[in-house]
Amino acid sequence: MSIKLTVNGRSQTVDVAGDTPLLWVLRDVLDLKGTKYGCGVAYCGACTVHLNGKAVRSCQTAVSAAANAQITTVEGLSATGTHPVQQAWIEIDVPQCGYCQAGQMMSAAALLAKNSKPSDADIDAAMNGNACRCGTYLRIRQAVHRAAAIAANKTPANSASVKGEPVAAR
Amino acid sequence: MENKKQGVNRRSFLLRASALAGGGMLVGLYVDPKKAMAQGRGGPPPPPFAPNAYVKIAPDGTVTLMAKNPEVGQGIKTMLPMLIAEELDVDWKDVKIEQTDFNDRVYTGQIAGGSTATPTNWLPMRQVGAGARAMLIAAAADTWKVPTSGLTTASGKVWDKSANKSIGYGELAAKAATMPVPDPKTLVLKDAKGYKIIGVSQGQRANPDIVTGKPIFGIDMMVPGMLYACYEKCGVFGGTVATHNIDELKTMPGIKGVYVVERPADLKPDINTVVLPGDPGLESGIAIVADTWWQAQTARKKLKVTWNEPPVRVAMNSASFAQQAEELSKKEPMRTLRKDGDPDAAITGAAKVVEGNYSYPFISHAPLEPQNCTAHFKDGKIEMWSNSQIPGNGRNLAAAACGVTPADVTLHMVRGGGGFGRRLTNDYCAEAAYISKLHGTPIKLLWSREDDMHHDYYRPGGYQYLKAGLDASGKIVGWRNHFVTYGDDDGQRLNTVSAGAMGPTEFPQPFIANYALHASAIHLGIRTGSLRAPSSNAFGFVIQSFIDELAHAAGKDPVEFRREILAATPKQPGYNAARMRGVLDLVAEKSGWGKKTYPKGTAQGVGFHFSHQGYFAEVAEVTVSAQNKVKVNKVWVAADVGMQIINPSAADNMVQGAVIDGMSELMYQEITVDTGRVQQNNYPQHQLVRLAQCPKDIEIHYLKSDNPPTGLGEPSLPPVLPAIANAIFTATGKRVRSLPFMKSGFSYA
């Protein structure tokens with residue numbers, strides 16, 4: 001079935017069964033490999049993307065349900081890797097294997113879009129669905145605080161918005 | 001000052017250099033053919049003097065360093081080039097890094113395992129950098145017609161300070177490649193005081209790719225003409241297809257091929273043994289090939305297959321294992337692995353006797369990226385992309401499955417989303433190559449999370465029946481352990497399952513005059529293997545919890561009791577009591593052990609363990625509620641891994657990760673067996689600690705000692721389980737001897 005999707009600001013039409021998880025349309029049809037598969041049952045959060053700015057698990061989101069939404073993946077956080085979350089993740093050297101981190105960053109970006117100065121408890125709650133097998137959690141928490149600070153210090157003229165507004169495709 | 005305990009046979013490491021097309025230079029290590037053959041089993045002997053590549057310097061001065069080991073999150077792809085760059089005297093920001101292919105004619109030790117990369121490569125990688133630098137200096141000396149003694153290097157240039165001139169490595173490279181190659185023994189390596197790169201925190205080079213979602217993992221590999229595959233196997237190891245309906249799947253959307261696979265009867269190793277082989281390769285199953293993985297998985301849901309299941313394995317289950325262990329513990333042990341003095345007499349005559357029956361389950365590795373491999377079989381050759389932790393074996397198993405030789409295989413090494421020892425076994429490599437041969441296209445084989453959890457090589461479970469005696473002064477006078485593990489006693493020896501053995505000198509044997517280690521084995525029909533700190537990940541919990549029981553029985557402070565054990569003269573070399581005493585004292589100091597007053601329900605606990613050449617002591621502070629909800633408030637780690645932490649940021653990240661990993665193993669993780677098959681399916685049945693449950697702080701202190709650097713990814717894990725368990729005991733009076741703790745009613749707050 002023909003489905004029109006808007007991914008990272010770009011309109012694409014795919015021909016897939018409507019109940020195909022959005023995760024697999026992104027990865028295997030659109031070749032956007034940044035969003036990861038870890039469990040398929042919404043336990044690990046590696047598949048987290050934004051639907052209209054809200055963090056969702058794409059392994060449990062049917063592609064048909066995403067048809068009329070703005071879909072943002074990690075590739076769409078910024079065109080040049082300069083989203084405050086991306087900058088903070090590099091500055092604090094968060095990743096070990098890195099496999100969970102796209103999902104972590106998407107959850108963090110969604111949190112910061114709603115809450116520009118989250119507390120530790122806010123972070124715990126927002127990031128609870130993102131597992132890290134390597135155990136980089138302490139750095140993840142530091143990086144969310146750091147991303148908030150980076151975003152707060154940017155002037156509107158040169159900022160990459162924490163809202164992760166759709167940008168031109170990768 | 002170089003430490004001669006490194007154990008590197010210097011005669012086998014010689015430098016070689018050659019010119020790069022276009023005027024650059026290529027520097028590497030010549031590897032003794034015998035050593036190369038030992039490393040790459042089954043590979044052809046290398047041609048004499050085969051140059052290999054670690055350093056490429058282009059005429060424009062671009063320096064590219066080759067990273068040879070598998071990168072699975074341990075930071076090795078950044079660390080090995082740091083060692084080269086330091087001695088080469090280039091600025092880290094100017095260095096490019098490339099991953100090598102697997103190539104055992106050219107590189108040795110392309111393995112991610114055993115925490116061995118640091119000790120194995122500490123000297124050779126620095127020698128490569130220093131050797132290249134020496135040749136560049138020689139080239140400059142020749143150009144300027146001056147002696148080399150007056151020349152220095154910095155930031156990718158050779159300098160003649162007295163004449164105030166410099167020349168860049170790029171300009172020198174072509175000539176440098178023709179200079180005599182120095183004997184590594186003659187190279188003067190930098191003093192640590194002069195380090196600009198080693199010992200300075202460097203971010204992981206892959207970070208920019210990771211944060212922008214670049215396709216760098218095995219699961220991300222794309223090859224023109226590639227199709228996707230899934231592979232259904234019997235839940236009982238060694239089962240073969242009896243009946244199936246694969247023709248019904250062939251017409252489903254996107255499906256390009258469905259195949260019944262039977263493992264060839266003559267494929268080595270034999271899988272019909274009582275003790276299963278460690279890495280058997282291709283198993284029987286049904287392969288589904290499709291345009292997308294989801295279409296393959298969708299068709300798979302319609303698959304109706306029955307299996308011929310080996311009856312002996314079908315009869316196995318966890319309840320039976322526990323019952324057999326109980327029965328074995330009451331009988332004479334099958335074997336005595338070690339007996340020093342007369343422990344039974346010492347215990348009988350002791351003032352106080354303490355007994356503890358400990359047990360721990362099978363657990364699963366479950367790295368976040370499920371097993372996968374991309375392979376293309378064409379014209380008798382295989383090209384494959386794998387994140388195996390031991391790619392030589394992946395190559396060999398793929399070749400054997402396809403009936404070709406290892407020389408017919410090209411293996412590109414790609415990033416792994418975690419290893420933890422799972423990717424030391426290579427079934428997915430054999431499967432992907434075989435399916436590609438069947439179908440005739442490149443194939444991306446991806447296991448589902450359920451496949452990954454059902455077809456793991458589990459950390460073996462075990463039972464340890466401990467008994468020790470204390471004299472009137474509270475000193476241990478005798479220690480006896482009946483270790484019930486999995487394996488088979490064939491009448492000659494006790495053959496344990498992979499990763500199921502305990503060594504005869506495992507702590508505290510070196511320090512206890514009357515010591516016995518006995519063993520018995522239960523037959524097992526599921527696969528086992530190494531999982532981060534094999535054996536130690538369970539033994540640390542058992543031994544340090546029991547030592548804590550003895551400390552409390554003796555009425556002594558747990559740290560002081562441990563100091564007393566370490567004060568005994570060891571019976572044989574190998575376990576360095578002074579190094580363990582050093583980290584024990586350091587962690588006691590940093591955690592304020594014995595100096596803090598806690599409210600009821602809050603306490604500290606301690607544990608230490610020596611493994612993978614590293615000495616680690618850890619203290620945990622916990623608060624336990626009346627409902628047995630445990631909050632780990634803080635963990636302190638003291639580590640002695642030698643004279644140098646190479647990349648402090650990566651080291652801290654890994655140690656913190658090991659503490660969190662240990663927390664998950666302690667509380668949540670258990671794999672059970674029924675009708676010969678694993679019952680857990682996915683992470684909800686084998687949980688991971690979450691961000692909210694982590695301690696706010698994990699404080700790490702490295703005690704530098706005059707020993708060559710050793711690894712820390714594994715030795716950092718074992719002490720955290722007993723540290724938390726012992727803290728829980730002190731806080732609540734509850735001694736739990738069985739993992740995971742959730743089965744005793746505990747949880748993390």
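Helix 2 (residues 84-91) and helix 3 (residues 101-114) of chain A are oblique to each other, because their axes cross at roughly 130 degrees; oblique is the term left over once angles under 35 degrees are called roughly parallel, over 145 roughly antiparallel and 65 to 115 roughly perpendicular. The model is predicted: local features need pLDDT of at least 70 and side-chain atom pairs count only at pLDDT 80 or more, while totals for chains, interfaces and linings use all residues. Residues are numbered from 1 along each chain as its sequence is written, and chains are lettered from A and ligands numbered from 1 in the order in which they are written.

**Helix packing in chain A**

- The axes of helix 2 and helix 3 of chain A come within 9 Å; axes are lines fitted to C-alpha atoms, for helices over the stretch in contact, and angles run from 0 to 180 degrees between N-to-C directions.
- Helices (H or I, at least four residues) and strands (E, at least two) are DSSP runs numbered from the N terminus.
- Helix 2 of chain A passes helix 3 of chain A in a right-handed crossing, the term for a near helix turned clockwise from the far one by less than a right angle, with anticlockwise giving left-handed.
- Val85(A), Gln86(A) and Trp89(A) of helix 2 meet Gln101(A), Met105(A), Ala108(A), Ala109(A) and Leu112(A) of helix 3 of chain A; residues are in contact if their C-beta atoms, placed from the backbone, lie within 7 Å.
- This contact of helix 2 with helix 3 of chain A has six nonpolar, two polar and no charged residues, where Ala, Val, Leu, Ile, Met, Phe, Trp, Tyr, Cys and Pro count as nonpolar, Asp, Glu, Lys and Arg as charged, and the others, Gly among them, as polar.
- The axes of helix 2 and helix 5 (residues 137-153) of chain A come within 8 Å and cross at roughly 130 degrees, which makes this pair oblique.
- The crossing of helix 2 and helix 5 of chain A is right-handed.
- On the helix 2 side, Pro84(A), Val85(A), Gln87(A), Ala88(A), Trp89(A) and Glu91(A) make the contact with Ala143(A), Arg146(A), Ala147(A), Ile150(A) and Ala151(A) of helix 5 of chain A.
- By class, the contact of helix 2 with helix 5 of chain A has eight nonpolar, one polar and two charged residues.

**The sheet of chain A**

- Five strands of chain A form an open sheet in the order 2-1-5-3-4, with mixed pairing; two strands pair if DSSP finds at least two bridges between them.
- Strand 2 (10-15) and strand 4 of chain A are at the edges with a single partner strand each, so one side of each has no neighbour in the sheet.
- Neighbouring strands of this sheet are turned by 40 degrees against each other on average, direction ignored.
- Strand 1 (residues 2-7) and strand 2 of chain A pair in the antiparallel sense over six bridges, and Val7(A) has Arg10(A) of strand 2 as a bridge partner.
- Helix 3 of chain A packs on the sheet, where it touches strand 3 and strand 4, and its direction makes about 35 degrees with that of strand 3.

**Domains of chain A**

- Chain A is assigned domain 1 (2-76) and domain 2 (84-158), with bounds from an automatic or database domain assignment.
- The centres of domain 1 and domain 2 of chain A, taken over C-alpha atoms, are 21 Å apart.
- In chain A, 15 residues of domain 1 are in contact with 12 residues of domain 2.
- Strand 3 (48-51) and strand 4 (54-57) of chain A each supply at least two residues of the domain 1 side of this contact, and strand 3 gives the most, with three residues.
- The side of domain 1 of chain A that touches domain 2 has seven nonpolar, six polar and two charged residues.

- The assignment for chain B gives domain 1 (4-211), domain 2 (220-311 + 369-454) and domain 3 (543-749).
- In chain B, 19 residues of domain 1 are in contact with 21 residues of domain 2.
- The contact between the chains takes 46 residues from chain B and 47 residues from chain A.
- Helix 17 (648-667) of chain B is one of the elements that each supply at least two residues of the side touching chain A, and helix 17 gives the most, with seven residues.
- The side of chain B that touches chain A divides into 25 nonpolar, 16 polar and five charged residues.

**Backbone details**

- Most residues other than glycine have a negative phi, and most peptide bonds are trans.
- Asp93(A), in the loop between helix 2 and helix 3 of chain A, has a positive phi near 55 degrees.

Methods. Contact = placed C-beta atoms within 7 Å.
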